[in-house]
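This report describes selected packing features of one protein chain.

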Amino acid sequence: MLTSFTKKRIKPYFIQTDVFKLPRGTRDFTPEEMQRRRYTENSMMTTFQKFGYKEIQTPIFENLELFTAKSGATIIDELYSFKDKGDRELALRPELTAPVMRFYVDKLQMEPKPLKLFYFGNCFRYDRPQKGRYREFWQMGCELIGASTPEAMAELIALAYHAIKETGLKNINLRVGNLGYLNQQVEETLSSSNCYTTGSTELKNNTKSEIFRLIDKEDYEGVRNKFKESGVIDKKIIKFMDSIDANNIEDLKKFSVKPGLEQELERYNKTINLLKKFGVDNARMEMKIARGLDYYSGIVFEIDAPILGAEKQLCGGGEYKLVPLFGGKETPTAGFAIGFDRTILALESEDFTFPKETVDVCVIPLSNAVIDRSLEIASDLRNMGAMVDVDLMRRGVSKSLKYAASLHSKKAVLVGPKELKKNSVIIRDMDSGDQKLVEVNNVIYML
Ligand code: HAM
């Protein structure tokens, strides 16, 4: 029996409405939204295929360690991680590069090179939701394995650019950077800091990664303060800021002191010059690209849609090192992922006209007596390749025509007992309202 104490606390089930709401940061998609998404997906997929990329798929959850191996345990805060009933530590994937590299090391290492793979899938991040930032979002991405020539990198970057452009988006910016260069500038600036134990070349704290994080957030005031806190003199900080403002090869070379970097900058410069051969004229050299994830090295790039404001980054990518970490034979790897949801938001912001989902014809029985024959006519038309809907509601013709209009149907076929006696139906053009008597066998030619 319930005591008054427990009685007070038990709420009727129907009051707990939150249970039946969407989890924070997730979305449902209406048929119209799905139509936009499918259009965008098909457009990007076609571009990937035109460049010789082949689709793969990996699981939605992975062993947690796949994502912590490179980034350390701090990344767990940004993940959806959990233990399953067998006490295994798992995580919903926050991105697909690590899973694809796991797959490559496991099963694809012997494939001919370069190996060009693409994927489309949902990702999960414990982000603070806002417009353009969700806890469940979709990425469409490519990974290129086994090639790092300037032409390989230029093709990859051009592919990201064209995949976005081909959707119909007009205004995007492509910036290409180099982490070898940026890393050297940060290390050189920190060399006079108090971040080293005397006699050691190992940084004793996480200042370097903190500076990379601040650059990624475009918090340059924060970068200056961090250097200052670490004991770096103003002159060196100014030189650092100049070095990351450099945006042509001559200036970049002036700031490069480490042997080997000059050669790397030549490859970077050649990559950017080659982009024109792939129809990309507006790539910018940008040394402030730090990328948020820990596995990058070498050439990196980002594509923004300025119309989106705060969450404007549509695509990020570059060269990275994960294969040896996962037990594979060292090989060059590079890739990118396009934020699929943001691409759609950008298209909507530019008032892009998405193709409408239509049917070729809506078949409308004009009385209950002709329903069977109407279904046969619809079936025959479908078998001949038409997209056909039939009004299933047994209602008056004006309501049926309204329904046909809501489907954006191009034509309506009105099936009436009188016309059927002559083996004919009425075809109505839904735009003009013109009607014609047509023999049933000839309907297909009128669509
Ligand atoms: P990322 O920059 O973390 O890179 O993500 C790629 C894109 O996914 C972003 O540019 C953004 O458009 C979209 N995105 C990220 N987080 C969210 C979110 N919470 N809501 C909506 N969209 C989001 C990567 O994930 C790398 N794996 C890319 C890569 C592939 N690098 C090499 N290969």
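In this predicted model, phenylalanine 354 has a relative accessible area of 8% and is therefore buried, the cut-off being under 20%. Phenylalanine 352, at 25% relative accessibility, counts as partly exposed. By the ring-pair rule, the count comes to 13 aromatic pairs. In one of them, the rings of phenylalanine 352 and phenylalanine 354 have centres 5.0 Å apart and planes at 90°, so the pair is edge-to-face. Ring pairs also link Phe48, Phe118, Phe301 and Phe336 into a cluster.

The accessibility of four residues is set out below.

| Residue | Relative accessible area | Class |
|---|---|---|
| Phenylalanine 82 | 34% | partly exposed |
| Glycine 318 | 0% | buried |
| Phenylalanine 352 | 25% | partly exposed |
| Phenylalanine 354 | 8% | buried |

Glycine 318 belongs to strand 10. Its relative accessible area of 0% places glycine 318 in the buried class. Leaving aside residues up to four places away in sequence, glycine 318 is in contact with Tyr296, Ile299, Val300, Phe301, Thr333, Ala334 and Gly335. One of these contacts, Phe301, is also a member of the ring cluster. Between glycine 318 and tyrosine 104 there are 18 Å from C-alpha to C-alpha, and the two residues are 214 residues apart in sequence.

Strand 10 (313-320) is also among the elements that cover the buried residues of helix 12. The others include helix 2 (31-50), strand 5 (115-124), strand 6 (136-145) and strand 11 (333-339). Helix 12 spans residues 340-349 and is mostly covered, with 8 of its 10 residues buried. The buried residues are Phe340, Asp341, Arg342, Thr343, Ile344, Leu345, Ala346 and Leu347. After helix 12 comes aspartate 351, which has a positive phi, near 60°.

Phenylalanine 82 is located in strand 3 (residues 81-83). With a relative accessible area of 34%, phenylalanine 82 is partly exposed. Its contacts, not counting residues up to four places away in sequence, are Phe61, Arg88, Glu89, Leu90, Ala91 and Leu92. Glutamate 218 lies 136 residues from phenylalanine 82 along the chain, and their C-alpha atoms are separated by 33 Å.

Two helix pairs remain to be described. How do helix 5 and helix 11 cross, and at roughly what angle? The axes of helix 5 (residues 150-165) and helix 11 (residues 261-274) come within 8 Å and cross at roughly 50°. The two helices are therefore oblique to each other, and their crossing is right-handed. On the side of helix 5, the contact involves Pro150, Glu151, Met153, Ala154 and Ile157, which meet Arg267, Lys270, Thr271 and Leu274 of helix 11. Sorted by class, this contact comprises 5 nonpolar, 1 polar and 3 charged residues.

Helix 8 (residues 220-229) and helix 9 (residues 234-245) have axes that come within 10 Å and cross at roughly 145°. This crossing of helix 8 and helix 9 is right-handed. Helix 8 contributes Tyr220, Val223, Arg224, Phe227 and Lys228, and these residues meet Asp234, Ile237, Phe240, Met241 and Ile244 in helix 9. The contact of helix 8 with helix 9 contains 7 nonpolar and 3 charged residues, with no polar ones.

Notes:
Residues numbered from 1 in each chain as written. Predicted model: local features only at pLDDT ≥ 70, side-chain atom pairs only at ≥ 80, totals over all residues. Heavy atoms only, no water. Axes fitted to C-alpha atoms, helices over the stretch in contact; angles between N-to-C directions. Helix = DSSP H or I, 4+ residues; strand = E, 2+ residues; numbered from the N terminus. Parallel < 35°, antiparallel > 145°, perpendicular 65-115°, else oblique. Left-handed = near helix turned anticlockwise from the far one by under 90°. Contact = heavy atoms within 4.5 Å. Nonpolar A, V, L, I, M, F, W, Y, C, P; charged D, E, K, R; others polar. Buried < 20%, exposed > 50% of the residue type's maximum accessible area, 1.4 Å probe, protein only. Phe/Tyr/Trp six-rings, centres within 6.5 Å; stacked < 30°, edge-to-face > 60°.
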